[in-house]
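This briefing concerns a ligand site and the sheets of a single model. Please view the structure below before reading the points that follow.

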Amino acid sequence: MEALLATLPAGGGGTVAAAVAVAGLAAITGVRMGPKQRANAPPAVPGLPLIGNMHQLTDAPPHNTFAKWSEIHGPIYTINVGAKHVAVLNSAEVAKEAMVANFSSISTRKLTKAFSVLSRDKMMVATSDHGDFHKRGKRFAMMGMLGFAAQKQFRDTRKQMVDNMISTLRTLVINDPHATQDFRKNFRDELFRLSMIQGFGEEVSSVYVEEFGREISGEEICQIIVVDMLRCVTEVDWRDFFPYLSWVPNENFEKKVTTIESRRTAVMRSLIKQRKKRIEGGEARASYLDFLLAENTLTDDQLMMLLFEVVMAGTDTTLMTTEWAMFEIARHPEIQERLCREIQEVCGDDRVTEDHLPRLPYLNAVFHETLRLHPAASVLPPRFVHETTTLGGYEIPAGTELMINVYGCNIDKKVWEEPEEWRPERFLDDGFNIKDMYKTMSFGAGSRTCPGSSQATSISCASIARFVQEFTWRVREGDEDKADTVQFMGNKLQPLFVHLTPRRGREQ
Ligand code: HEM
């Protein structure tokens, strides 16, 4: 939102001034900022004419501000963001009403302009409206890559990925025992490698892209189809907040987003073309691409977008959750030692594998506590109420946008004691029920629940366990309190840098 306010004066000079003037006129001439307050409308957070509550969302990440407002206004309230009328949900109870019980009235997505371009107008499972494409895409993702049977095929690849990371970190520590290590870089490289093997059936170290007229490296591929895309998703176009001004051009924004989108498309098409040659040559492999081609029911663009989606989602969300877990572990030495003891008791001198995970309850608690306090999607992509409905006892009229503040749900004082503390023990306390693990909302709920939760849990838990088994972790001096997040996303703003010391007996 800070970015939005920053773009207002800069995003098109005279055009914006004109836009704001027209918006003012619209306000005076009676274009409403949201539906009129009804008798049993949710409480509204007071704001200013024209911009609504926008200016109040600049100081802290929105999920924090939303959570603070819920202490005053309750778990459901409305805000105005420019001309948009938005209901914000902050408790698991009302969020589940929206995501499960009343899903049929709220099953469409409301995308920002950037998201709309990047997703080729809802051509991804996560951005599509509920309907045939969504159902088919999700079924394909489960059958071809993320479901139990498909995941079994990639077990050795996942194990190899963790071994590679440990071996890289060990070499770095041997070369310079006092250096700080860049966790994010190492982990992202390996996750991306795994995503490519699952997606395309092979490791991809380079690809020739006709549109660029050159071969690009694996690192550049990752930059273009993961890093640039994620950065661009949060690009703000002021027209998102004044939909009736969408006719006003915003050339800088449009050029930036379409360039990033066309580079992604060029790289994805080149990757698919190269792998199709292998498949046409009769060499089948276990991969999502092989699966989708065999299904033979998608257009070329749909196939490209479904593949792109799992590569991007597979790399980033697991990275950010594991990075948060290692940050918390590294700054809580007593928890780190307790986890190490549990691993020692269960695995002895053997390397931790996915087979050990069901016997490591404290590890599970560390993982779920991390998901609770640091949800990868702190505020879910907006939904659209297309049919008047009731949430938390309030009437929510058709046309309202809905934001689900997962972070707010996860720090609800009515459900969690001292919710702002990272305390894995809460998942082991007396009276704890295994179902409580899923109370956090971090993987969503209902028909749109995350299909990658099983893969993310296996990779993240096996990696955390091996990291702690092999090294003692300490956050770089001065970084202990660096827990800021990227706006609207759950990513850690500052990458994690750590000091690693090999544990006794595991120096080799
Ligand atoms: C710790 C890791 C992860 C977290 C916390 C996470 C979280 C979520 C959440 C909260 C949603 C629901 C969004 C909504 O309702 O608006 C979601 C949906 C989705 N996730 Fe994940 N995710 C993770 C890992 C993955 C992975 C590894 C993949 C695939 C490789 C994946 C693919 C998807 C897809 C395709 C959807 C859309 C589902 C739909 O709309 O029906 N996620 N995820």
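Where is the place of Cys450? In this predicted model, Cys450 belongs to the loop that lies between α16 (406-410) and α17 (453-470). The SG atom of Cys450 is the only protein donor of the iron atom of the ligand, at 2.3 Å.

**Ligand shell**
- The ligand has 28 residues around it, and those that come nearest are Arg109, His134, Lys138, Arg383 and Cys450.
- By class, the shell comprises 13 nonpolar, 10 polar and five charged residues.
- Arg109 places a polar side-chain atom 2.8 Å from an oxygen atom of the ligand.
- For Arg383, the distance between a polar side-chain atom and an oxygen atom of the ligand is 2.6 Å.
- His134 has an N or O atom in its side chain that is 2.7 Å from an oxygen atom of the ligand.
- Two elements, α6 (132-146) and α13 (300-330), each give two or more residues to the shell.
- Of the elements, α13 gives the most, with seven residues.

**Five-stranded sheet**
- An open sheet of five strands has the order β1-β2-β10-β7-β3, with mixed pairing.
- Strands β1 (76-81) and β3 (108-109) each have a single partner strand, so one side of each lacks a neighbour in the sheet.
- Strand β3 pairs with β7 (residues 383-384) in the antiparallel sense, over two bridges.
- Arg109 has Arg383 of β7 as its bridge partner; both Arg109 and Arg383 are also among the residues that come nearest to the ligand.
- Helix α3 (residues 62-73) packs on this sheet and touches β1, β2 (84-89) and β10 (401-404).
- The direction of α3 makes about 125 degrees with that of β1.

**Three-stranded sheet**
- Another open sheet has three strands in the order β4-β12-β11, with antiparallel pairing.
- Its edge strands are β4 (181-182) and β11 (471-475), each of which pairs on one side only.
- Five bridges join β11 to β12 (residues 497-502) in the antiparallel sense, and Phe471 stands opposite Pro502 in β12.
- Helix α13 packs on this sheet, touching β11 and β12, and its direction makes about 90 degrees with that of β11.
- Helix α13 also gives seven residues to the shell around the ligand.
- Helix α8 (residues 155-175) lies across β4, β11 and β12, and runs at about 70 degrees to β11.

Terms used. Residues are numbered from 1 along each chain as its sequence is written. This is a predicted model: local features need pLDDT of at least 70, side-chain atom pairs count only at pLDDT 80 or more; totals for chains, interfaces and linings use all residues. Side-chain values use heavy atoms; hydrogens and water are left out. A residue is near a molecule or strand if one of its heavy atoms lies within 4 Å of it. A polar contact is a pair of N or O atoms within 3.5 Å; within protein, one must be able to donate a hydrogen and the other to accept it, and residues adjacent in sequence count only if both atoms are side-chain atoms. Helices (H or I, at least four residues) and strands (E, at least two) are DSSP runs, numbered from the N terminus. Ala, Val, Leu, Ile, Met, Phe, Trp, Tyr, Cys and Pro count as nonpolar, Asp, Glu, Lys and Arg as charged, and the others, Gly among them, as polar. Two strands pair if DSSP finds at least two bridges between them. Contact means heavy atoms within 4.5 Å. Axes are lines fitted to C-alpha atoms, for helices over the stretch in contact, and angles run from 0 to 180 degrees between N-to-C directions. Donors are N, O and S atoms within 2.8 Å of the metal (3.2 Å for Na, K and Ca); water is not among the atoms, so sites may look incomplete.
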